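Subject: Structure for your study, with notes

Dear colleague,

Please find below the structure that I am handing over to you. I would be grateful if you would read the notes with the structure open beside them.

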Amino acid sequence: MSGKYLVTGGAGYVGSVVAQHLLEAGHEVTVLDNLSTGFREGVPAGATFIEGDIRDAAKWLDSSYDAVLHFAAFSQVGESVVKPEKYWDNNVGGTMALLGAMRDAGVRKLVFSSTAATYGEPVNTPITETDPTAPTSPYGASKLAVDHMITGEAAAHGLGAVSLRYFNVAGAYGAQGERHDPESHLIPLVLQVAQGRRDAISVFGDDYPTPDGTCVRDYIHVADLAEAHLLAVAAARPGEHLICNLGNGNGFSVREVIETVRQVTGHPIPEVVGPRRAGDPAVLVASAATAREKLGWNPSRADLAGIVADAWEFTQHNASTAREH
């Protein structure tokens with residue numbers, strides 16, 4: 001059955017892919033984005049686009065909407081340390097305004113884009129939803145604060161909500177891919193070296209207690225991630241707040257990612273090893289058992305080479321389109 005959905009932050013990387021999946025499933029989609037970090041060209045064809053702020057969501061939300069999928073957040077860990085007030089103001093204050101608008105409009109379903117950064121330094125591997133939350137950055141803390149806010153909203157006002165805690169999202173889907181400025185994610189940074197836009201890739205620490213000394217991360221294809229959001233909308237129950245990790249349950253090291261990019265692109269990728277970055281755990285890998293059990297989610301694109309190949313195709317297409325213009 002088709003529905004009507006508001007996608008906040010739908011001009012960004014993950015939001016745009018989820019919006020595309022919703023459209024392909026036959027739903028009516030409105031994207032709300034202030035374009036502070038998103039891109040107008042990222043909004044999929046077929047979606048209604050509103051350039052505006054989540055604080056003003058009450059202007060557009062009404063009872064005709066079945067659910068809100070909420071991606072509108074600042075997400076740069078390093079920036080959040082330098083400008084914590086920006087993250088509290090937008091991520092927490094903006095979401096509080098959005099929840100109020102949903103309450104007033106009678107929209108009682110929410111899927112929230114949360115993050116593995118809520119866990120901080122992991123106590124166990126793989127990480128489960130019952131593990132301690134101890135974020136090491138204002139970004140992670142702001143997302144955890146929103147999770148607490150949603151739990152209260154569900155208990156007090158009957159909201160049906162699902163928070164999805166992503167691990168490392170990568171890859172591309174059709175015309176949607178990573179366009180961050182500045183870029184901070186490993187795979188697109190390594191692809192920039194392959195493109196000749198960057199001389200070398202920085203490896204922050206090669207003395208971790210891992211097989212090759214570099215950090216290990218759990219990579220999930222953005223299309224698998226998007227499918228989890230559609231399942232989450234269906235799974236949301238009034239008065240309940242479900243929290244699910246999204247990952248593949250296995251990890252790849254920084255050096256494995258670099259080597260995979262070499263193989264996929266055929267380009268040499270020079271490395272420059274530097275000191276560890278503060279707050280970088282050695283291993284971040286998810287247990288996605290809850291998402292499998294509660295959502296019926298089964299990621300099918302776990303192959304790292306496939307993830308890199310999709311991202312490389314998008315990166316090349318994006319570069320050629322930019323040259324044409």
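Predicted model: local features only at pLDDT ≥ 70, side-chain atom pairs only at ≥ 80, totals over all residues.

Aromatic rings

The count of aromatic pairs comes to 2. In one of these, the ring centres of Phe-74 and Tyr-87 are 5.9 Å apart and the planes stand at 55°, so the pair is classed as tilted. Phe-74 belongs to the loop between β4 (67–70) and α2 (77–82), whereas Tyr-87 belongs to helix α3 (residues 84–105); the pair therefore ties together parts that are 13 residues apart in sequence. Both Phe-74 and Tyr-87 are buried.

Tyr-87 also pairs with Tyr-139: here the ring centres are 6.5 Å apart and the planes are at 80°, so this pair is edge-to-face. Since Tyr-87 is in helix α3 and Tyr-139 is in helix α4 (residues 138–157), the pair ties together parts that are 52 residues apart in sequence. Tyr-87 counts as buried because its relative accessibility is 0%. Tyr-139, with a relative accessibility of 9%, counts as buried because the cut-off is under 20%. Phe-74, Tyr-87 and Tyr-139 make up one aromatic cluster.

Charges over rings

Lys-4 is placed over the face of Tyr-65, 4.5 Å from the ring centre. Likewise, Arg-276 has its charged end over the ring of Tyr-208, at 4.0 Å from the centre of that ring.

Strand β9 (residues 216–217) and β14 run parallel and are joined by 2 bridges. Val-216 is found opposite Val-283 of β14.

A region listed in a record

UniProt, in an unreviewed entry, lists residues 6–241 as "domain: NAD-dependent epimerase/dehydratase". In the model, that span is 36% helix and 19% strand, and its end C-alpha atoms lie 19 Å apart.

Ile-220 is part of strand β10 (residues 219–221). Is Ile-220 buried or exposed? Ile-220 counts as buried because its relative accessibility is 0%. Leaving out residues up to four places away in sequence, Ile-220 touches several residues, including Asn-168, Val-169, Leu-246, Asn-248 and Trp-297. Ile-220 and Gly-249 are 29 residues apart in sequence, while their C-alpha atoms are 9.3 Å apart in space.

Asn-248 is located in the loop between β11 (241–246) and β12. Asn-248 has a relative accessible area of 18%, and it counts as buried because the cut-off is under 20%. Which backbone oxygen does the side chain of Asn-248 reach? The side chain reaches the backbone oxygen of Tyr-219, at 2.4 Å. Apart from neighbours within four places in sequence, Asn-248 is in contact with Asp-218, Tyr-219, Ile-220, Pro-299 and Ala-302.

With kind regards

Terms used. Residues numbered from 1 in each chain as written. Heavy atoms only, no water. Phe/Tyr/Trp six-rings, centres within 6.5 Å; stacked < 30°, edge-to-face > 60°. Helix = DSSP H or I, 4+ residues; strand = E, 2+ residues; numbered from the N terminus. Buried < 20%, exposed > 50% of the residue type's maximum accessible area, 1.4 Å probe, protein only. Lys NZ or Arg CZ within 6 Å of the ring centre and 35° of its normal. Pairing = 2+ DSSP bridges. UniProt positions renumbered as here; feature names shortened; annotations may be inferred. Contact = heavy atoms within 4.5 Å. Polar contact = N/O pair within 3.5 Å; in protein donor to acceptor, adjacent residues only side chain to side chain.
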